[in-house]
Amino acid sequence: MQRSYFDASRPIAALATVPGESALAVIRCAGPGAVDLVAGLFSRPAALGSARSMSLVHGELVDPSDGAAVDEILAAVFLSPDGPIGEDGVELYCHGSPAVIRKALSLLEGAGFAPALPGEFTFRAFLHGKTDLVKAEAVQELVRAGSEGARVEALRRLEGGLSRALASVREAIVDVLAEVEARLDYAEDDDSPAGGLDPDSLQRIRDRVALLAASYVSGRLYERGARAIVAGRPNAGKSSLFNLLVREDRSIVATDPGTTRDWIETAIELGGLPVRLVDTAGLREAEGEIEAEGVSRSRRLVEESEAVIYVVDGCGGLSAADVAFLESRPDSLCVWNKVDAPSCAEAPAGFLRTSAATGEGLSALAEALRERIRPRFGLDESALSRSVAEGDIRIASERQKRLLDEAVAALDSCRGELDARAPLDALILDLREAADSLGEITGEIASKEVLEAVFSRFCLGK
Amino acid sequence: MDYEAIVVGGGHAGIEAALALARLGRRTLMVTQDIDAVGRMSCNPSVGGLSKGNLVREVDALGGQMGLLIDASMIQYRVLNRSRGPAVQAPRAQADKALYSGFARQALESQSSLELFMDTVVDIMLDSSGRRIEGIVTERGNRIGCRALVLTTGTFMEARLFIGEWSAPGGRLGEPAALGLGDALRRRGFRVGRFKTGTPARVKGSSLDYCEMERQDGEAQEPFSFLHEKIARPSLPCWITYTTAETHRVIRAGLGRSPLYGGAIKGKGPRYCPSIEDKVMRFPDRERHQVFVEPEGEYTDEMYLNGLSSSLPEDIQAALIHSIPGLNHAVIVRPAYAVEYDYLDPSLLYASLESKIAGGLFVAGQTNGSSGYEEAAAQGLVAGINADRFLTGEEALVLSRSEAYIGVLVDDLVTLGIDEPYRMFTSRAERRLALRQDTADTRLTPLAKSIGLATRERIERFEGKAAGIAEIKELMKGRRISRDDFLAMDGLINHLGESVHNVLRDPALRNCLVTLLPGLGTRFPHGWIETAELDARYEGYREKEARIAGRLERSERLRIPTDFDYLAMAGLSSEAAQKLSSTRPLTLGQAARIPGVRRSDAALLMIALSRRGTA
């Protein structure tokens with residue numbers, strides 16, 4: 001029978017590191033009786049069973065059926081309420097051989113551990129008050145983080161930056177609520193505070209929530225990267241420039257082909273900003289029926305991109321097609337390529353001079369591209385450095401965005417009612433709704449649906 | 001069996017419980033220490049106020065007595081919070097205390113099937129299983145049998161009075177405490193706690209300087225009871241004055257002699273109704289505190305100093321009173337005093353107010369740790385109705401939180417438990433807009449009818465009013481805005497073609513009804529029109545409120561089986577598991593509101609329950 005998704009009564013275990021060959025693998029075990037169960041598979045069961053919380057025990061993982069040693073391991077013991085999950089648990093540090101890992105997991109299962117479901121560890125941490133929903137979502141992002149910026153963002157959320165920002169603005173709403181409630185609950189002649197809701201403090205709160213909501217777009221960009229497309233007529237030198245730009249980012253680890261074989265997309269990082277650079281070299285102009293599809297796909301790519309690098313062959317000069325494209329996408333970064341060639345014409349105003357052959361102008365192009373996408377991240381130069389250094393806060397999940405939008409809408413509605421001079425007992429509804437929406441983000445108010453939605457998107461062992 | 005039901009105590013809870021039981025045909029005995037003291041108002045001479053006025057109207061709509069008593073004895077009437085929205089407006093009336101108590105006695109004495117008996121109860125009798133009530137034992141050794149018992153002991157159980165260094169047993173100044181019962185219940189395993197409350201001094205009215213105080217007159221009187229059309233009672237003024245820097249100095253200097261600050265009183269007092277020494281100490285920045293000087297009745301010169309409750313020694317009381325403008329020469333008739341008394345932990349009650357420890361035992365009023373006449377009356381009525389239902393084997397009456405303040409009150413008491421005297425507030429109700437005082441009859445009178453507590457007169461009046469309001473709403477829906485109306489009021493231009501019923505939702509046009517349907521006033525009573533108008537004006541807000549409350553409602557309504565084993569549930573904090581095991585909440589909503597149950601406990605419980613539900 002399929003085990004229930006969130007059954008906290010059973011001990012669970014899973015590999016916490018990436019599967020495959022590696023120096024070290026970590027297997028996480030937690031739940032009722034976890035320490036004793038692992039002790040049954042350990043060469044020094046007494047030492048493990050009596051280990052203090054948050055201590056390491058050295059020994060061997062042993063197959064109880066024949067007493068054979070499986071691996072030499074370190075076991076980290078956590079006793080409730082310590083540790084990342086808050087339950088009794090053991091983390092096993094073993095050698096990262098797939099055979100060892102397979103054997104260890106099967107022994108654990110034999111000892112009574114159920115294989116952990118995605119997100120189950122984090123879910124239990126939530127149940128034990130070790131994390132809130134925002135932090136739980138940050139764990140997901142940290143695991144998937146595509147760039148240094150995204151990683152820093154997620155880490156910050158995990159540390160509770162966003163939770164604190166939400167809690168602080170929610171507190172401001174609750175303060176106003178409490179004041180209004182006090183007014184409603186004591187008669188006018190009872191010396192209670194006079195007056196109604198202050199529109200200015202309401203506006204300030206509303207702006208703070210709106211600011212958090214607006215950070216969504218940039219937050220998503222951090223996770224996915226801004227898309228920059230390299231476009232131009234055939235033989236303008238797009239692919240060479242693309243490759244040179246990719247090489248500008250020395251940290252690049254992998255080139256991942258696009259979802260179709262028509263274009264190539266690579267994640268690079270420009271000064272802390274994640275960029276997905278797209279080469280449309282595979283897409284040719286429409287010469288026949290078959291090519292038309294490629295062209296329309298190319299157009300769609302251009303439309304969906306945060307930036308366009310439009311490459312013109314300096315030897316061929318500006319064609320009618322180039323002019324037409326640049327008119328349709330006037331924010332393109334215009335590049336006058338092949339400036340090393342003797343036949344190259346003078347670059348028109350506003351064009352960046354580059355040579356894929358000599359590398360001339362490449363740094364300037366990279367810098368210009370970064371400048372072009374920077375506003376999309378909602379940053380000016382100082383804000384970026386500040387956010388990296390101090391922890392500016394951004395939201396990153398659809399769920400958070402929706403609830404923040406709801407809170408803004410409720411606060412706007414409250415302002416509208418206030419302006420229409422609606423009575424205080426009616427106004428207060430919007431405030432309550434705003435406070436509830438913010439509370440739902442961190443899980444203070446959570447339904448089962450929300451919990452399952454958040455935790456089921458996890459990868460195993462986190 | 002001597003009686004089917006016995007009610008212990010003749011205060012505001014006991015009156016409602018006894019009358020409800022007797023009206024439902026139960027052979028009922030009320031045992032009280034002093035028949036002359038039934039329905040006595042121990043503290044302020046007023047009934048109603050914010051959310052409490054709603055409670056009174058709900059008690060009346062359910063067939064209770066309190067609304068009738070205050071209507072017959074009021075000496076001033078006001079509607080509070082007119083400026084703050086209809087849902088939080090409530091009526092309050094000053095009462096002639098002697099008259100109130102007299103009418104209460106008359107109601108009890110003229111009630112068939114009800115007997116009164118003067119004695120003090122010192123113990124309860126249980127059957128051989130120890131789990132079911134069989135009767136009472138009194139101070140004079142009477143053993144009286146019954147199948148259902150309602151305990152409404154007010155501030156009398158093991159009570160002690162305090163004035164400065166003086167202290168003596170007593171439930172009200174000059175009235176003996178009920179000694180023995182609290183200790184007997186302790187021995188029987190009830191959880192008994194101590195609370196404290198206080199009352200201010202009464203002064204001789206003719207010794208006051210009225211020109212030093214601000215006069216506060218009443219408004220045109222309106223009845224609390226839905227049975228009354230109009231009220232014609234005398235209207236006496238109240239007076240407002242303020243404490244001074246000298247008052248605060250006197251209090252600070254005398255604090256060392258306060259039983260509360262000296263530690264003689266252990267019980268916790270009501271935070272929402274603090275003594276003057278508490279107010280001065282807790283709000284050192286406040287330069288003055290308000291004092292209402294209120295008449296205690298039409299035929300007495302005694303005046304009540306609302307806001308000056310205290311347990312300071314009498315010489316300090318005199319000095320502090322004399323430092324207040326208008327009271328400089330006040331002659332003190334009765335001193336202020338504090339009273340400390342036993343209450344029973346209400347989390348050991350079911351929502352029917354029946355004890356989880358002893359079947360057939362119901363508890364109501366201050367014995368449950370509440371404060372206030374209105375809160376007591378509401379519980380007394382519920383306890384009386386459910387004691388009757390216990391006797392007939394019918395399912396208990398449990399009002400929901402969105403149905404009545406009474407529902408909020410009972411649910412809060414039995415699920416939250418209490419650590420200070422409980423007072424009702426409108427903010428305790430999630431569906432406040434649905435609990436307007438003028439709609440109490442719509443919400444509860446049909447229930448009263450099915451219970452058997454609505455007289456024919458009440459039913460006829462209610463049905464007439466309901467039909468009238470429906471007719472007014474039809475007229476409002478049928479009257480549409482035309483171009484001819486534009487000149488009559490600004491803003492109507494935005495509502496061309498809409499019905500008046502719809503236009504009322506526009507806050508800027510809240511007063512449009514008189515202009516657009518001027519004929520209503522001659523055809524229908526003012527109150528009916530107002531109810532129909534508020535229903536229309538608040539329709540949108542009520543929907544919004546329901547939506548907000550509904551956000552939590554799904555989990556709120558998730559039922560927890562009464563045999564649910566919390567201790568066996570992995571992951572629950574041990575504190576939560578214990579609290580849940582002892583409280584046994586009926587729904588997840590109740591569980592989540594129990595102090596000590598953390599968010600994560602509730603989440604875990606929710607998942608366990610929904611799994612059970614689908615298994």
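Me: Two strands pair if DSSP finds at least two bridges between them. With that in hand, which residue in β16(B) is the bridge partner of B:Ile240?
Reply: Bear in mind that we're looking at a predicted model. Strand β15(B) and strand β16 (residues 290–295) of chain B run antiparallel and are joined by four bridges. In β16(B), the residue bridged to B:Ile240 is B:Phe292.

Me: And β14 of chain B, in what sense does that strand pair with β15?
Reply: Look at strand β14 (residues 214–216) and strand β15 (residues 238–242), both of chain B. B:Gln216 sits opposite B:Cys238 in β15(B). Three bridges hold the β14–β15 pair together, and their sense is antiparallel.

Me: Over to chain A: which strands stand at the edges of its six-strand open sheet?
Reply: The sheet runs β3-β4-β5-β2-β1-β6 (chain A), with mixed pairing. An edge strand has a single partner, so one side of it is left without a neighbour in the sheet. That describes β3 (55–62) and β6 (114–115) of chain A.

Me: Which residue in β2(A) is the bridge partner of A:Leu15?
Reply: Strand β1 (residues 12–15) and strand β2 (residues 22–30) of chain A pair in the antiparallel sense, over four bridges. In β2(A), A:Leu15 has as its bridge partner A:Ile27.

Me: Helix α3 of chain A packs on that sheet; what angle does its direction make with that of β4(A)?
Reply: Helix α3 covers residues 98–111 of chain A, and it touches β1, β2, β3, β4, β5 and β6 of that chain.

Me: Why do the buried residues of α12(A) line one face of the helix, and within what arc do they fall?
Reply: Helix α12 (residues 362–373) of chain A has 12 residues and spans 17 Å from first C-alpha to last, close to the 16 Å expected. Its buried residues are A:Leu365, A:Leu369 and A:Ile373. Viewed down the axis of α12(A), they keep to a limited arc, so they line one face; that arc is 60 degrees.

Me: What do the buried residues of α9(B) pack against?
Reply: In helix α9 (residues 314–322) of chain B, the buried residues are B:Gln317, B:Leu320 and B:Ile321. Down the axis of α9(B) they fall within an arc of 100 degrees, so they line one face of the helix. They pack against three elements of chain B: β13 (202–204), α6 (245–254) and β18 (332–334).

Me: Is A:Lys338, with its positive phi, buried or exposed?
Reply: A:Lys338 isn't a glycine, yet its phi is about 65 degrees. The residue lies in the loop between β12 (333–337) and β13 (352–353) of chain A. The cut-off for burial is 20 or more other C-beta atoms within 10 Å. A:Lys338 has 24, so it is buried.

Me: What is the phi of B:Leu353?
Reply: B:Leu353 is found in the loop between β19 (337–344) and β20 (361–363) of chain B. With 30 C-beta neighbours inside 10 Å, this leucine counts as buried. Although B:Leu353 is not a glycine, its phi is positive, at about 75 degrees.

Me: Where is the proline of the cis peptide bond, A:Pro81, found?
Reply: The cis bond joins A:Ser80 and A:Pro81, with omega about 5 degrees. As for location, A:Pro81 is found in chain A, in the loop between β4 (69–78) and β5 (89–96).

Me: How many residues does the second, separate core have?
Reply: The largest nonpolar core has 175 residues, and B:Ile6 is one of those touching the most other members. Beyond its close sequence neighbours, within four places, B:Ile6 contacts residues including B:Leu29, B:Val31 and B:Leu149. The second core includes A:Ala13, A:Phe123, A:Ala125 and B:Leu588, and its residues number 54.

Definitions and conventions
Residues numbered from 1 in each chain as written. Chains lettered and ligands numbered in written order. Predicted model: local features only at pLDDT ≥ 70, side-chain atom pairs only at ≥ 80, totals over all residues. Buried ≥ 20, exposed ≤ 12 C-beta atoms within 10 Å, placed from the backbone. Helix = DSSP H or I, 4+ residues; strand = E, 2+ residues; numbered from the N terminus. Arc of directions from axis to C-beta. Contact = placed C-beta atoms within 7 Å. Expected span 1.5 Å × (residues − 1). Core = buried A, V, L, I, M, F, W, Y, C linked by C-beta atoms within 7 Å. Axes fitted to C-alpha atoms, helices over the stretch in contact; angles between N-to-C directions.
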